[in-house]
Amino acid sequence: MKILSIESSCDETAAAVVENGRIVLSSVVDSQVEEHKKFGGVVPEIASRRHVENIVAVVRQALADAALDLEQVDGIAVTAAPGLIGAVLVGVNFAKGLAFAQGKPLIPVHHLRGHVAANYITHPDLAPPFLCLVVSGGHSHIALVRDYTHFEVIGRTRDDAAGEAFDKAARSIGLGYPGGVAMDKISHQGNPHAYPLPTPHTEGPFDYSFSGLKTAVINLSHNAAQKGQALVPEDMAASFCNQVAQILWQKFETAADYTGQTRLAIAGGVSANSWLRSLALEQSKKRGFQLYLPELSLCGDNAAMIGAQGYYEFLAGHTAGMSLNGRPYMELGDAF
């Protein structure tokens with residue numbers, strides 16, 4: 001089964017064709033990162049307008065790269081939640097138009113389920129159940145993936161997401177957007193123990209909190225400036241990357257022990273962080289966990305992951321009609 005998939009939840013306009021949930025026939029991503037850099041983050045109105053301008057060309061390119069006509073695809077999958085609502089609606093409405101015009105099934109996909117499914121592409125042998133850490137700019141979840149469309153969230157951030165904390169901490173020490181990429185790039189030139197950073201407390205044993213960690217970096221930066229001193233960006237980047245990785249992994253490992261899961265996956269934009277990947281690989285080897293990481297090209301937002309998850313949503317009968325609407329928020333375990 002060949003699925004044409006569309007992703008427009010933030011600042012990437014993406015389309016792909018995926019076969020049977022595992023084989024990527026094409027994947028096209030038009031990123032707006034360079035345009036948003038000058039604002040220090042994504043401007044929702046600009047993102048929505050660029051999606052409108054780019055989506056036709058991106059979908060056409062995905063079909064051309066797959067050597068397929070629209071008539072030859074078996075379904076249309078689209079990110080329908082969560083995300084910047086104006087951006088989400090561009091993809092949803094375009095997908096609805098294609099599905100209606102061609103008489104194809106319309107398959108709504110939860111964006112975070114798509115991130116999890118990126119691992120199905122990288123690891124064809126991976127199948128539920130497994131435990132997944134989903135970390136991105138807007139979300140930090142620990143989810144038990146019971147089957148392809150049944151997700152149980154057992155931990156989540158109670159304030160900032162890890163990716164959001166990266167962006168704000170990076171800005172405070174003079175690094176550009178996106179902060180996670182900028183910090184990771186220079187971090188290996190620094191000392192990860194140069195700046196002692198706090199480990200935020202949460203009542204839930206598997207929950208996260210990154211607000212205090214972000215604030216600690218901002219305060220260190222402001223205090224240094226007031227004293228006429230300068231922070232060493234490489235040292236702060238190393239200290240912050242190391243601390244975030246340690247926090248993420250410690251809770252994830254605790255959740256693995258609690259659930260009895262030995263097959264662990266990491267997904268989302270922050271899964272590209274070299275400190276997190278290195279720590280996860282090292283600790284998994286020590287503990288005997290089987291670890292699954294998406295290839296770097298599938299960590300950020302893309303449509304291939306939406307097509308992969310869309311395949312399993314279709315098999316489960318999760319299709320939609322022309323009343324489908326985009327949503328800015330939606331729980332990972334909820335159905336459309």
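Predicted model: local features only at pLDDT ≥ 70, side-chain atom pairs only at ≥ 80, totals over all residues.
Which residue is the bridge partner of I76 in β5? The partner is L106.

Strand β4, residues 75–81, and β5 run parallel and are joined by 5 bridges. The sheet as a whole is open, has 5 strands in the order β3-β2-β1-β4-β5, and its pairing is mixed. At the edges are β3, residues 23–31, and β5, residues 106–110, each pairing on one side only. From one strand to the next, the twist averages 20°.

Two helices lie across this sheet. Helix α3, residues 85–102, lies across β1, β4 and β5, and runs at about 155° to β4. Helix α10 lies across β1, β2, β3, β4 and β5, at about 125° to β1.

Among the buried ones are M305, I306, Q309, Y311, Y312 and E313. Just after α10, G317 takes a positive phi of about 80°.

Now the salt bridges. The structure holds 14 of them. One joins the side chains of E19 and K2, at 3.8 Å from N to O. That pair links distant parts of the chain, with E19 in strand β2, residues 12–19, and K2 in strand β1, residues 2–7, 17 residues apart. K2 is partly exposed, at a relative accessible area of 24%.

R49 and E45 meet at 2.8 Å, N to O. Both are in helix α2, residues 44–65, and sit 4 residues apart, about one turn of the helix. The general point is that an α-helix has 3.6 residues a turn, so residues three or four places apart point the same way. E45 is partly exposed, with a relative accessible area of 46%. There is also a network of salt bridges linking E35, R50 and E53.

The third pair takes us to another region. R287 forms a salt bridge with D257, and their closest N and O atoms are 2.7 Å apart. This one also links distant parts of the chain: R287 is in helix α9, residues 274–287, and D257 is in helix α8, 30 residues apart. Both partners are partly exposed, R287 at 37% and D257 at 45%.

What surrounds this pair? E253 is in helix α8, residues 233–259. Is E253 buried or exposed? At 17% relative accessibility, E253 counts as buried, because the cut-off is under 20%. Leaving aside neighbours within four places in sequence, E253 is in contact with Q283, R287 and F289.

F289 is in the loop between α9 and β10. At 9% relative accessibility, F289 counts as buried. Again leaving aside neighbours within four places in sequence, its contacts include W249, E253, A256, D257 and L264. So D257, the salt-bridge partner of R287, is also in contact with F289, because the two have heavy atoms within 4.5 Å.

Last, a distance across the model. F289 and S9 are 280 residues apart along the chain, and their C-alpha atoms are separated by 32 Å.

Technical notes. Residues numbered from 1 in each chain as written. Heavy atoms only, no water. Buried < 20%, exposed > 50% of the residue type's maximum accessible area, 1.4 Å probe, protein only. Salt bridge = Lys/Arg side-chain N within 4 Å of Asp/Glu carboxyl O. Pairing = 2+ DSSP bridges. Axes fitted to C-alpha atoms, helices over the stretch in contact; angles between N-to-C directions.
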